[in-house]
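Colleague: I would like to learn how to read the features of a model like this one, from the whole chain down to single pairs of side chains. Could you take me through them in order?

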Amino acid sequence: MKQLAALLLMLWIGCTTAQTVSGNLLPGTTGTQIYAINQALSSVGAGVQIHGFDFGYRYSFGDTQCTATNQDGSCSWWMANYASVNVNIRDSENISILNQTWSHQGVWQSSNQSYQYRFNNTRDITTLGTFKMTPSVSGNASIYNMYSNAVYTVDPCAADPLSSTTCSGYAAAVFAQQCNSNPLSDSACPGYAQAYFSQQCSSNPLYNSACPGYQQAYYDQQCAANPLYATTCPGYATAYKTQQCDANPFYATDCPGYAVAYHDQQCSISSLYMSDCSGYAAAYKTQQCSLSPLYATDCPGYAEAYLNQQCLLDSLFSNKCTGYKTAYAIKYLVNLDPAVTTAVNSSLTTTAEVQRNDPANVVSATGDATVDSVVATPAATSATSPVSVINAPPSASTMNSASAPPPPPPPGAAAEQKADAKKTEGAVASVEKKAGGNATAARAAATEKAKELAKDIGRAATMEAQTATQGLLVGLIGYVPGFSAYQNSTVPDALGATVAKQYYKATVDNRSAQRQLSGANETRWKQIVDSQYNKE
């Protein structure tokens, strides 16, 4: 027997029969050949449907052989050439499906034999067992080129469940296909969790702290939300300055609100910082009133300051003026009886000498220091004479009154002056009553009383006693001969005369002028003004 061809697995699809015929499945080259059908076709895959087999072989015959000879050497028995092939197909239960033998005989001939066998019903490969071909020869015969081909078709659904929607595995195949294409197509897909994580991280690195780039993304997010998150954030310096300026506008001079805050701070320290400070008007007024109660009529101490000012200008302004009664007497005692004049002058001169000799124990003879100085100053003409009164230089207060109006009198000043006049009139009336209405007698009585009172002034030990005595003396002066000639005389302003003589110009009363200065400048200005009166 010739060698059998090597096993070749060849696949082709019959377009007209939709069948595939396998290559030669016989495992050997000589002798009986057998193979397990499902193993031989295992490479085809699942779902193979077997329709039958195609198989065949080639036989060859030569001359007949002499198997016995005669004595003479001639052939007595010739053996015929014979060849046969048996095909046996069994199922998976080892039950024979096909068992058939094909026989041939002859001489000097050869032939290829091919056969087809088809199952009545297509069979699944798993239901088949073995395919077996058994050759048999005699004489000068041989069988070779045996082959066996399975005729089968592959189930499309088994090969590709997606080939039809009717395939039993179609849904599973679609699912697998979608999952392979995109694991995110279904949460049940293998790899869905990892694919979803990657997707979310790609979309937003802040999705999870395990995402690549999470740290940088978190830093950027925090810096964007608040540049103060880290000193390395873009805009940190600007944000820090804004924060500090918001907390305290004094952090830097270029902070928004610095100017307003500084203004408010200075105003809180002193309402006089600027005129728009809250309470500036009240503080300014308080300041000016403290510098001069004459700044406004409602300043504390205005009435007392006004009285003192007017008394400095004219001791006869009010009976409350210190030295009022003495000045009154000086003005109107010019033509008194010589004895009275001598007594008054003597008393005033004695008091002035005491003052000069011991200023610490000053007892004012007149109640007014200015008047005291005038009375006590030695002069060619007596301080109480008509010449010294009338020819006195104009006082500073008189000159000031021409350039700046005097401050208004305090409430009730006019009423007090009227009351003082009424008291004086009462005193005079009392004298007249005692004189029985006789004018001559009244004047005589007043003159005598004045003499006594002038003596009492010299004997008075205290200023209060002098003032009380002078009060009675003044009330009687109106009855002294020559009184009416001096009603319009002026009481000399010794201080004003001295200043006018020194500077040859009117004295400027800076307090009355009410300069609109404030703070340290006003204080300094006052020191400058006061210094001109402190010459030694």
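Modeller: We shall go from the chain as a whole to its salt bridges and then to a patch on its surface. Please keep in mind throughout that this is a predicted model.

Colleague: How many helices and strands does the chain have, and what share of its residues is buried?

Modeller: The secondary structure comprises 20 helices and 10 strands, and of the 536 residues in the chain, 34% are buried. The chain exposes about 30800 Å², of which carbon and sulfur atoms supply 54%.

Colleague: What share of the contacts joins residues at least 24 apart?

Modeller: If we take the contacts between residues at least 6 apart in sequence, 58% of them join residues at least 24 apart.

Colleague: How many salt bridges does the structure hold, and which residue meets Arg-118 in one of them?

Modeller: A salt bridge is read from the separation of a side-chain nitrogen of Lys or Arg and a carboxyl oxygen of Asp or Glu, which must lie within 4 Å. The structure holds 3 such salt bridges, and in one of them the side chain of Arg-118 meets that of Asp-54, at 3.0 Å from N to O. This pair links distant parts of the chain, since Arg-118 belongs to strand 8 (residues 109–124) and Asp-54 to strand 3 (residues 48–61), 64 residues apart.

Colleague: Are the two partners, Arg-118 and Asp-54, buried or exposed?

Modeller: Buried means under 20% relative accessible area, so Asp-54, at 13%, counts as buried, whereas Arg-118, at 30%, counts as partly exposed.

Colleague: Where in the chain do Asp-254 and Lys-241 lie?

Modeller: The side chains of Asp-254 and Lys-241 meet in a salt bridge at 2.4 Å, N to O. Asp-254 is in the loop between helix 6 (236–247) and helix 7, while Lys-241 is in helix 6, 13 residues apart. Lys-241 is partly exposed, with a relative accessible area of 30%.

Colleague: Which residue forms a salt bridge with Lys-285?

Modeller: The partner of Lys-285 is Asp-298, and their closest N and O atoms are 2.1 Å apart. Lys-285 sits in helix 8 (residues 280–291) and Asp-298 in the loop between helix 8 and helix 9 (302–313), 13 residues apart. Lys-285 is partly exposed, at a relative accessible area of 27%.

Colleague: Which residues form the nonpolar patch on the surface?

Modeller: A residue needs over 30% relative accessible area to be part of a patch. Here the nonpolar patch is formed by Phe-250, Tyr-262, Tyr-273 and Met-274, which together have about 340 Å² of accessible area. Tyr-262, which lies in helix 7 (residues 258–269), counts as partly exposed because its relative accessibility is 31%.

Conventions:
Residues are numbered from 1 along each chain as its sequence is written. This is a predicted model: local features need pLDDT of at least 70, side-chain atom pairs count only at pLDDT 80 or more; totals for chains, interfaces and linings use all residues. Side-chain values use heavy atoms; hydrogens and water are left out. Helices (H or I, at least four residues) and strands (E, at least two) are DSSP runs, numbered from the N terminus. Buried means under 20% relative accessible area, exposed over 50%, partly exposed in between (1.4 Å probe, protein chains only). Contact means heavy atoms within 4.5 Å. Accessible areas come from the Shrake-Rupley method with a 1.4 Å probe; for residues, only the protein chains shown count as cover. Patches are made of residues with over 30% relative accessible area and no salt bridge: like charges are joined within 9 Å, nonpolar side chains (Val, Leu, Ile, Met, Phe, Trp, Tyr) within 5 Å.
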